[in-house]
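Have a look at the sequence and the model, then read on.

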Amino acid sequence: YWLDKAAKAAVDKVNAEGGIAGRPVKYAVEDTETNPATGVRKMRKLIQEHRSDFVIGSVHSGVMMASLPVAEELKTVYFPIAMASEATAEKGNRYVFRLNTHVREQVQASVDWVVKDPAGPQAKKWTICVSDYAWGWSHEEWFSKTVKDAGGEVLTSLRIPQGTKDFIPFVAKIPKETESIYFIFFGAASLGFIQQLHETGYKGDMC
């Protein structure tokens, strides 16, 4: 919603100032429905029907990863907003450019604080809980690697389906020796996870 508002405001500003080289900017929008298959169809529609010179979005890593080959196939510059690091690393191509931070940067910054910094929790025994799609998998992979390199230990990793409201069955799988939990969910799911974790009596750190 807010990225759409910002894009519209940017287009209005550019056009009010004479456009790009005197040519107006046209803004086309398609809804990916937070679904990789739909996202690929809409990516093709933006390029082939709207004749877009470049594409911005999606914020969903699953949609982003599925759309990367389309950008390469149709030779169209793609600026995804999602954060899975692989999009501009192992899975990237010459048409994909990142405008924001990504998982590896975020993980490194968090590990530097939670494991190394004397002001942080300095936890050594970790449980990882992530949303079960590309963004969560990227966090799971890179936090596991980075925290181990820093001298920590991952006791278990839990991939939790998107849309989960009852986290108790997953919380029950968290080892008792866990000193801190690294969790990644969106919005209401984060609040639900924290609340149910608290209700079960967890007293350790969360990051």
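What share of the contacts in the protein chain with a separation of 6 or more comes from residues 24 or more positions apart? They account for 51% of those contacts, where contact means heavy atoms within 4.5 Å. Bear in mind that this is a predicted model, where local features need pLDDT of at least 70, side-chain atom pairs count only at pLDDT 80 or more, and totals for chains, interfaces and linings use all residues. Residues are numbered from 1 along each chain as its sequence is written, and side-chain values use heavy atoms, with hydrogens and water left out.

**The whole chain**
- The protein chain has 7 helices and 6 strands, taken as DSSP runs (H or I, at least four residues, for helices; E, at least two, for strands) numbered from the N terminus.
- Going along the sequence, the pattern is α-α-β-α-β-α-β-α-β-α-β-α-β.
- Its C-alpha atoms fill a box of roughly 60 × 35 × 30 Å along the principal axes.

- Of the 207 residues, 41% count as buried (under 20% relative accessible area, with a 1.4 Å probe and protein chains only).

**Helices α4 and α5**
- The axes of α4 (residues 103-116) and α5 (residues 134-149), lines fitted to C-alpha atoms over the stretch in contact, come within 9 Å and cross at roughly 40°.

Conventions
Axes fitted to C-alpha atoms, helices over the stretch in contact; angles between N-to-C directions. Buried < 20%, exposed > 50% of the residue type's maximum accessible area, 1.4 Å probe, protein only.
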